[in-house]
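Student: Hey, can we go through this structure together? I'd like to start with the strands.

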Amino acid sequence: MGFELPDELKFISNSRRPQKCASERLDGRVCVMTGATSGVGYQGALRLAAAGAHIVFIARDPEKAENVRRKIEDISGAKAEYYIADLARLEEVREAAGRILEHYPRIDILIHSAGVHFTRRTLTEAGHETVFCVNHLAPFFLTRLLLDLMIHSAPSRIIQVNSEGHRFNGLDIRDLNWEKRIYRGLGSYGAAKTAQLLTMWEFDDMLKGSGVTINAMHPGAVRSNIGNNNGPLYRFYLHYILRPFLKDPVISGNALHFLSASEELRSLSGRFFNLTHEEIPAPHARDRQLGKRIFRISDALTAGREAPADIYKRISKYES
Ligand SMILES: NC(=O)c1ccc[n+]([C@@H]2O[C@H](COP(=O)([O-])OP(=O)(O)OC[C@H]3O[C@@H](n4cnc5c(N)ncnc54)[C@H](OP(=O)(O)O)[C@@H]3O)[C@@H](O)[C@H]2O)c1
């Protein structure tokens with residue numbers, strides 16, 4: 001009998017397995033995505049456009065967005081469009097979603113690829129810890145805002161670019177904003193990715209029978225710009241120590257195409273993939289009771305009816 005790794009370590013062997021490929025085309029399908037200006041999302045946009053998808057992306061930097069739009073059109077010959085929004089500003093997410101809803105009668109694929117990793121705690125203008133806002137609250141809110149149209153467009157697919165990094169840390173619901181603990185970059189990254197996975201199971205339950213699937217994926221350990229915003233010491237570590245071990249992000253784009261298009265995944269929902277291989281996430285990301293609570297809290301934090309500081313204060317007092 002061969003030695004089998006425990007579930008928690010299967011990501012090591014999964015990352016070495018040959019990845020699956022899809023040959024299905026996506027002609028005429030509308031794919032809304034974030035993070036298309038760099039790394040994983042950029043490769044995903046190029047790959048899906050090459051398969052015929054019409055790419056509509058949300059980006060924060062107009063110049064980068066315009067360059068990417070041109071590149072997508074040059075490579076695929078298909079038209080691509082973008083809307084400007086900073087995912088650290090939830091009102092801009094609402095606005096971008098509103099404009100997309102006005103312009104598109106259907107959305108077939110929604111990919112959340114934007115993400116950040118900060119080694120120091122920063123707050124958004126509204127007072128959310130930035131990593132939690134960009135990696136979890138913004139994609140959660142965007143899914144909420146576009147969900148009715150996705151149901152109307154079914155069969156349709158939602159893909160969260162998550163991370164094996166969810167294994168770094170669980171979610172401390174009493175201190176979502178890192179006010180009581182010493183901030184750790186990997187801890188906040190792991191917590192935000194855990195929150196995203198926890199809400200995925202809830203969305204999956206809500207969407208049963210609707211024809212809309214929702215899955216999450218780790219895009220491989222690939223070369224990208226993530227972490228480049230941090231200090232010189234971290235950048236040194238990233239470029240000279242970590243980078244030689246990182247792979248070409250083309251693999252992430254191919255995996256996004258597989259998850260978006262493959263017939264094999266037509267009705268598969270509520271799963272976590274390491275690129276194209278299904279995997280079991282960490283136990284703390286499978287706690288359904290915690291998932292229900294973070295779903296309700298994320299709704300409250302994105303509704304814009306109450307100051308986030310008051311919500312965080314109340315949660316820290318009453319949630320245990
Ligand atoms: N690279 C890896 O090995 C790896 C491993 C596991 C998981 N991931 C996940 O993969 C996803 C993509 O990361 P990546 O590696 O491709 O990093 P990346 O190259 O830094 O790309 C991140 C993308 O997110 C966008 N973004 C960041 N903050 C934003 C904001 N406030 N508003 C709007 N867009 C924003 C960036 O826009 P700009 O171009 O304007 O900066 C960029 O398009 C993330 O969710 C990350 O957690 C990556």
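Student: So what stands opposite C31 in β2?
Tutor: That's I55. This is a predicted model, where local features need pLDDT of at least 70, side-chain atom pairs count only at pLDDT 80 or more, and totals for chains, interfaces and linings use all residues. Residues are numbered from 1 along each chain as its sequence is written, and side-chain values use heavy atoms, with hydrogens and water left out.

Student: And which residue is the bridge partner of C31 in β4?
Tutor: I109. β1 pairs with β4 (residues 109-112) in the parallel sense, over four bridges. Strands pair if DSSP finds at least two bridges between them. Strands here are DSSP runs of E, at least two residues, and helices are runs of H or I, at least four, numbered from the N terminus.

Student: How many bridges for β1 and β2?
Tutor: Five, also in the parallel sense.

Student: Is β1 buried or exposed?
Tutor: Mostly covered: five of its five residues are buried, meaning under 20% relative accessible area (1.4 Å probe, protein chains only). V30, V32 and T34 sit on one side, C31 and M33 on the other.

Student: How far is the polar side-chain atom of S224 from an oxygen atom of the ligand?
Tutor: 2.5 Å. For T37, a side-chain N or O atom is 2.7 Å from a ligand oxygen.

Methods
A polar contact is a pair of N or O atoms within 3.5 Å; within protein, one must be able to donate a hydrogen and the other to accept it, and residues adjacent in sequence count only if both atoms are side-chain atoms. Buried means under 20% relative accessible area, exposed over 50%, partly exposed in between (1.4 Å probe, protein chains only).
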